[in-house]
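Work through the exercises below with the model open. Try each task before you read its solution.

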There are 2 protein chains.
Amino acid sequence: MPNPDWIGVDWGTTNLRAWGMCRTGGVLAEATSNQGMAKLGPEAYEPVLLDLVGNWLPETGRIPVVVCGMAGAKGAWQMSPYREAPCPPLLASQSVQPLTVDERLQVSILPGIRQSRPDVDLMRGEETQVAGYLSMVPDFDGVICLPGTHSKWVHVSAGEIVSFRTFMTGEIYDLVKRESVLRDLVDENGGDWDPVEFQNAVETQIARPELLMARLFSIRAAALVSNLGPGRAAARLSGTLVGAELAGARPYWLGRDLILIGEKRLSNLYAAGLRRLGQTPRFQDSAAMTIAGLAEANRGFAGDPESARVTGGVGPKAA
Amino acid sequence: MPNPDWIGVDWGTTNLRAWGMCRTGGVLAEATSNQGMAKLGPEAYEPVLLDLVGNWLPETGRIPVVVCGMAGAKGAWQMSPYREAPCPPLLASQSVQPLTVDERLQVSILPGIRQSRPDVDLMRGEETQVAGYLSMVPDFDGVICLPGTHSKWVHVSAGEIVSFRTFMTGEIYDLVKRESVLRDLVDENGGDWDPVEFQNAVETQIARPELLMARLFSIRAAALVSNLGPGRAAARLSGTLVGAELAGARPYWLGRDLILIGEKRLSNLYAAGLRRLGQTPRFQDSAAMTIAGLAEANRGFAGDPESARVTGGVGPKAA
């Protein structure tokens, strides 16, 4: 394998992914690790990174390493302060460069984005995926939904993140499935997973959003006395929570061009719910958008004028 | 201490409480244990009970032991089948009598109540507290709210449970506080617990119930970037979830006589939210209502005609 020209890293809470990249945006190598931010003190990041990508490094000279995600959170590798929305999704000049022991590493950690109005909100990592999409469709005017542990709905216009809202849907799903009184009653691989059950739950929840906490318990009641099997119970739980999110996100999806960026199975569920509401979202792969966003940031660091439109400015010149 | 005439037991999921009772309803002794249903196989119940109340038993003869709660669930001591609402809260003749090795024990496990319409729902234990309240106020027509891990709203009229609805509020509060990304940011003993923060969260949630999953995440955002301290964060989390429940329970509390039966701190929070909505609930102590309900059941077993009104009939005669 030829040495990469630069390295892109998505450093999440529980995992990290790294890509060895060539100048033109092609992926030469990929590596993943479970050494997410939650497990690491500040001094552990460089060793973990070297462990993962050490054999991609040049013998001499420096290689740019562009990092998005939780490595820039407070108490992580080095705090990369939030930028304030409305703003372009990336602004390479505001990244931070942690000192490294290995002089071949030239690390830049991208900032997250925060919002003060209408509600306080935060993102770290998703802005890079939004930038990746805008690098392909610079004139996009619409909404990008990133379903996941903390789902984001992002209104994008004129190359900027105008506003966004986060829903704790995925995390609540996991907690209820693993830790609540539903834990032995719900199994999405239960064999009887049922798309109709999912759709009915979405619609029931959207019709009466105030009943979310009651609907959750009613899954237990139905499992105990109405023979609701574990797969159908999972479909009902998932539909209930996705429905709750779609009800809350209505101002985002209603009448807007809509892109879903996320893991495939989850994106399909959101799309099924949205289609029933008369929306026709389009899909983009989550990793591909992250890579495209990291590449956009790297072009910004390298002073490529083509990137100015998305990154909102030109960053420090790479060595 | 004189030997009790009978023993009442509230066997919950995580704990159990037993009371040594005299015929007239006075409490002679009390004992608690952490040997709740979740920890026990069917054969463990009798030894746990003997461990807890063995020294209350007579040397010879049998003593009635009236048990409510999860000991009657499937897979617990012995399944005590659900009765179907609408129905009186107790019907002593439908209890089950598990065989015991110790012949001094004459155990009866009270049934739970289920509902098929408008939604499938279940209770086990709360029906005994409702019966306790009706033993004092037999003509009560209104709603009893039992806040807790699985809060119940129970519509009572003409001595019957007409309908009820369960909300998973308390369990979600505990899961979010202990296990979610809010876990290090929320502490109800944090010193800065703030009743105004609680009230604002109740009202915000009632105004926009579809935003529950977003409000949960916004507590994290506010803690990270707006200096929301752990006590105020707990108040906001609690107000958000209580507000979500009050929004969903509106058909129960609106324009009805309203009784709160629950742990004191929690009942006060619900009352604060309800008062802001123009309701004036009255309070009853949870343990006192359980004891009164168990006493009512025991009178039913003993063939006391005075109990027929609440228990809906006379049960098997005690020895």
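**Exercise 1: two packed helices**

Helix 4 and helix 6 of chain B cross in the right-handed sense. This comes from a predicted model. Task: find how close the axes of these helices come, at what angle they cross, and which residues make the contact.

Solution. 
- Step 1. Locate helix 4 at residues 195-207 and helix 6 at residues 230-248 of chain B.
- Step 2. Compare the axes: they come within 7 Å and cross at roughly 35°.
- Step 3. List the contact. Helix 4 of chain B gives B:Glu197, B:Phe198, B:Ala201, B:Val202, B:Gln205 and B:Ile206. Helix 6 of chain B contributes residues including B:Arg232, B:Ala235, B:Gly239 and B:Leu246.
- Step 4. Sort the contact by class: 9 residues are nonpolar, 5 polar and 3 charged.

**Exercise 2: a sheet and its edges**

Task: give the strand order of the open sheet in chain B, and say which strands stand at the edges.

Solution. 
- Step 1. Read the order of the 5 strands: 3-2-1-4-6, with mixed pairing.
- Step 2. Strand 3 (27-33) and strand 6 (105-109) of chain B each have a single partner strand, so one side of each lacks a neighbour in the sheet.
- Step 3. Check one pair. Strand 2 (residues 16-21) and strand 3 of chain B run antiparallel over 6 bridges. B:Trp19 has B:Glu30 of strand 3 as its bridge partner.

Conventions
Residues numbered from 1 in each chain as written. Chains lettered and ligands numbered in written order. Predicted model: local features only at pLDDT ≥ 70, side-chain atom pairs only at ≥ 80, totals over all residues. Heavy atoms only, no water. Axes fitted to C-alpha atoms, helices over the stretch in contact; angles between N-to-C directions. Helix = DSSP H or I, 4+ residues; strand = E, 2+ residues; numbered from the N terminus. Left-handed = near helix turned anticlockwise from the far one by under 90°. Contact = heavy atoms within 4.5 Å. Nonpolar A, V, L, I, M, F, W, Y, C, P; charged D, E, K, R; others polar. Pairing = 2+ DSSP bridges.
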